[in-house]
Amino acid sequence: MGNIVAISTAMGNGGISIIRMSGDDVLNIASRVFSHPKIDVKNFEPRKMYLGTFHYENVYDKCMCVYFKAPYSYTGEDVIEFQCHGGITISNLIYESLIKSGCTPATKGEFSKIAFLNGKLTLDEAEGVVDMINAESESEIRAGYDLTLGKLKSDVEDMQNGLTTTLAKIEVALDYPEEDLEKETYIDIKNALLPVKEKIEKILSTADTGRLIKDGVKILIFGKTNAGKSSLLNALLGYDRAIVTDIEGTTRDTLEETYIYKGYKFVLIDSAGIRKSDNLVETIGIEKSIDGLKYADIVLFVVDTSIPLDDNDYDIMSRLNVKNTVLIANKSDLKQVVDVDKLGFDTIIKISSKTGEGVDNLKEKLYDMAKFGSINNGSIIITNARHRDALKDALDLINNALDAIDNVKELDLVTMDIKDAWLRLGDITGNSDNENIINEIFSKFCVGK
Ligand SMILES: Nc1nc2c(ncn2[C@@H]2O[C@H](COP(=O)(O)OP(=O)(O)O)[C@@H](O)[C@H]2O)c(=O)[nH]1
Ligand SMILES: [Mg+2]
């Protein structure tokens, strides 16, 4: 194995930058470019910071150096990290000096890939690291952190063990082919399989919430022109993002913006107001708004309650699914002429996008509708589509096996499904030798991680 190097901190000027090397020879490489006043680098105590001088040709910096001795490092190999003064130029010069000293540039996620190959972390744990780095909300950080703790890994290992036990029972049954297999044998095998099925179902039941955590709750702001949709977007965001005017047709394209509430991500989609229009651009915008109804988790139907409803409002209402719609009775600061209680919506919130009245109430309502309040802290939530798909496939295979058992089919068929389910679960942690999955995952990492 060679020695790799990367700047692990983000590119920019800051207090410090961390440059990291991993490989068999990194201690020797460091000893040629780093000097401590008293101790030779080769005698550095592992996991201890030393203040010294980095020097290579004309490159100098007073910086820190720390040595992690294999296997007690992130990668499982010898690792050296320099904490130099944070600046694009100085960190690049040190990085290039290390390349001239014998290191090769690390590819994306290479440190983590080596860690995986050395058994230091599983694929799902590595994905947890990426999720934490890319997180936009506290809930994403929590979900990523749970992965890094190995919570999903240990569930997967339990389920794989359950399948192995089932396979062992089948083996025993097949060892006595001369005896007719009794019904009890089938029941015994089924009983070994059912707990695995239940566990997968329980974990999968968190996937919808997990998607909302990862992608954010998609909220479409819908209604006729001038109802106050863009004003509502601005009021929810707390700053003026969208253009607001009293000219109809101001918002022509959909506009997406995110806000965080109680640690969860909500994605607002402001759309072109629905009305009959001769303008091509506006018409395309209106079609996009209507299309958005299909993808929205929640729709905010904004009504201007200071003027009577018209055909546009009724046309809009006919398109809405009342279940995921909140009726926003906007412009509550003006004289009210619409009786919103008669429109057939369960959830009605009075708002003044102008004064901010009702906005906090609406945020709380949206949080309730996403059911984040009922999340059981401490249990794993599936936020990663790759994990969800593997669990779904494994569940299908186990259901096939259970069907075969119920119909007293050949046990060989049952064995095949169970083995495939075992492998599919193994794709989650990387315990299935599926090289494509492994390469794809690490290519999503940043360089230096
Ligand atoms: N008084 C009052 N005016 C509002 C309120 N919300 C929006 N407006 C006004 O209504 C007009 C249309 O607002 P806008 O947000 O552009 O509506 P949109 O076409 O639905 O996006 C603008 O003149 C806003 O200032 C509100 O709650 N109260
Ligand atoms: Mg608008």
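1. Ground rules. Residues are numbered from 1 along each chain as its sequence is written, chains are lettered from A and ligands numbered from 1 in the order in which they are written, and side-chain values use heavy atoms, with hydrogens and water left out. As the model is predicted, local features need pLDDT of at least 70 and side-chain atom pairs count only at pLDDT 80 or more, while totals for chains, interfaces and linings use all residues.

2. α6 and α7. Helix α6 (residues 151-174) packs on helix α7 (residues 183-204) at an angle of about 165°, the axes being 9 Å apart. That makes the two helices roughly antiparallel (over 145 degrees; under 35 is roughly parallel, 65 to 115 roughly perpendicular and the rest oblique). Axes here are lines fitted to C-alpha atoms, for helices over the stretch in contact, with angles running from 0 to 180 degrees between N-to-C directions. Helices (H or I, at least four residues) and strands (E, at least two) are DSSP runs numbered from the N terminus. α6 passes α7 in a left-handed crossing, meaning the near helix is turned anticlockwise from the far one by less than a right angle.

3. Who touches whom there. On the α6 side, the contact (heavy atoms within 4.5 Å) includes Leu152, Met159, Leu163 and Ile170. Among the α7 partners are Ile189, Leu193, Val196 and Ile200. The contact of α6 with α7 has eleven nonpolar, three polar and five charged residues. For these classes, Ala, Val, Leu, Ile, Met, Phe, Trp, Tyr, Cys and Pro are nonpolar, Asp, Glu, Lys and Arg are charged, and the others, Gly among them, are polar.

4. α13 and α14. The axes of helix α13 (residues 385-406) and helix α14 (residues 411-429) come within 8 Å and cross at roughly 165°, which makes α13 roughly antiparallel to α14. Their contact divides into 13 nonpolar, two polar and seven charged residues. The crossing of α13 and α14 is left-handed.

5. α9 and α12. Helix α9 (residues 229-237) meets helix α12 (residues 359-369) at about 80°, with axes 10 Å apart, so the two are roughly perpendicular to each other. Leu232, Ala235 and Leu236 of α9 touch Val359, Leu362 and Lys363 of α12. By class, that is five nonpolar, no polar and one charged.

6. Largest pocket. About 430 Å³ of space lies in the largest pocket. A pocket is an open set of points on a 1 Å grid over the protein atoms alone, where a 1.4 Å probe fits, with protein on both sides within 12 Å along at least five of seven lines; lining residues have an atom within 4 Å of a point. Grid points are joined across faces, edges and corners, and the volume is the space filled by probe spheres set on the points. Of the 22 lining residues, Asn226, Gly228, Ser231, Val244 and Thr245 are the closest to the centre. α9 gives the most to this lining, with three residues. The lining has four nonpolar, twelve polar and six charged residues.

7. Second largest pocket. This one holds about 360 Å³ of space. It has 14 lining residues, and Lys202, Ser205, Thr206, Ser379 and Ile380 are the closest to its centre. The largest share of the lining, three residues, comes from α7. Four of the lining residues are nonpolar, six polar and four charged.

8. Backbone details. Ala70 and Pro71 are joined by a cis peptide bond, with omega about 5°; Pro71 lies in the loop between β5 (59-68) and β6 (79-85). Lys262, a residue other than glycine, has a positive phi near 50°, and is found in the loop between β9 (255-261) and β10 (264-270).
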